[in-house]
Amino acid sequence: MAQRTAVVTGASSGIGAASARALAADGWHVIVGARRVDRIEALAEEIGGTAIALDVTDESSVEAFCAAVDTCDLLLNNAGGAFGATSIADADVDEWQAMYDVNVLGTLRMTKALLPKLIASGDGQVITIGSIAAREPYKGGGGYNAAKHAVAALTRVLRIELLGQPVRVCEIDPGMVETEFSLVRFGGDEDKAAKVYEGLTPMGPGDIADAVRWVASRPKHVNIDQILMLATAQTSAQVAHREL
Ligand code: NAP
């Protein structure tokens, strides 16, 4: 059988990089995309994959990336993140717009562009990384909650609309995972980022990659619709046990 191809967005760090490694270890040819090209080139060399520059918020970048993908059996929509944690009263509209663009419209642009190839695969899969923020509102989470709720809506509508087509759709919603996520959220403030994980053991990117590779390796007649994954020390968006 010909080697199957997976596209991973946001593969320069965290969950995306770990998932690309896990999929490659399972025999996939992995095409990795992100804006930090030096990082994805090093990763592609390590895993025998292909690196292509990608900004999911830029229509022409998505178009060029997807034109360079000949066949696609799996799309991992992972690129995304949160910017800021302000209240709605103090919300920065530009931050909200940026979160909507990367998380929601980025997922839409990539899915729409690769859908014909996923259908042509005869056994395509879309796996989208949502968040516990897609399920539970929390204080200071407004913009990210709104964006990830929209990602969940998009993913669940896609599942319904593809019924009868050879493309499976899955949403993986993680809680706390220690990556560059909090550093990005707090504009590079290392102390604020470290506080998020203080006194508990969060999940690591490899834990989410384990779920990705498991979903990707289910037989064609099994669709894993949704997975919620939390650290043992976390039971909801704002309830965590910390040993301080
Ligand atoms: P991360 O380490 O900050 O990784 C984010 C990735 O997204 C990077 O590779 C980044 O690459 C890429 N990215 C950001 N903007 C992009 C753009 N415009 N175009 C293409 N790629 C872009 O964070 P992570 O935790 O692995 O996040 C991965 C996903 O998991 C995100 O969707 C995030 O919302 C979700 N998530 C994270 C957590 C958590 O606690 N960490 C929990 C739930 C859900 P470049 O900057 O190089 O482009």
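Me: Which strands does helix α2 lie across, and at what angle does it run to β2?

Reply: Helix α2 (residues 37–47) lies across β2 (29–34) and β3, running at about 170° to β2. This is a predicted model: local features need pLDDT of at least 70, side-chain atom pairs count only at pLDDT 80 or more, and totals for chains, interfaces and linings use all residues. Residues are numbered from 1 along each chain as its sequence is written, and side-chain values use heavy atoms, leaving out hydrogens and water. Helices (H or I, at least four residues) and strands (E, at least two) are DSSP runs numbered from the N terminus. Angles run from 0 to 180 degrees between N-to-C directions, with axes fitted to C-alpha atoms, for helices over the stretch in contact.

Me: In what order do the strands sit in the sheet?

Reply: Strands pair if DSSP finds at least two bridges between them. Here seven strands make an open, parallel sheet, ordered β3-β2-β1-β4-β5-β6-β7. Because β3 (50–53) and β7 (226–229) are the edges, each with a single partner strand, one side of each has no neighbour in the sheet. From one strand to the next, the twist averages 15°. Strand β6 (residues 167–174) pairs with β7 over four bridges, and Ile172 has Ile227 in β7 as its bridge partner.

Me: How do α3 and α4 pack?

Reply: Two packed helices are described by the angle between their axes and the distance between the axes. For α3 (residues 59–67) and α4 (residues 93–121), those are about 25° and 10 Å. Phe65 and Cys66 are among the α3 residues in this contact (heavy atoms within 4.5 Å), and Met110 and Leu114 are among those of α4.
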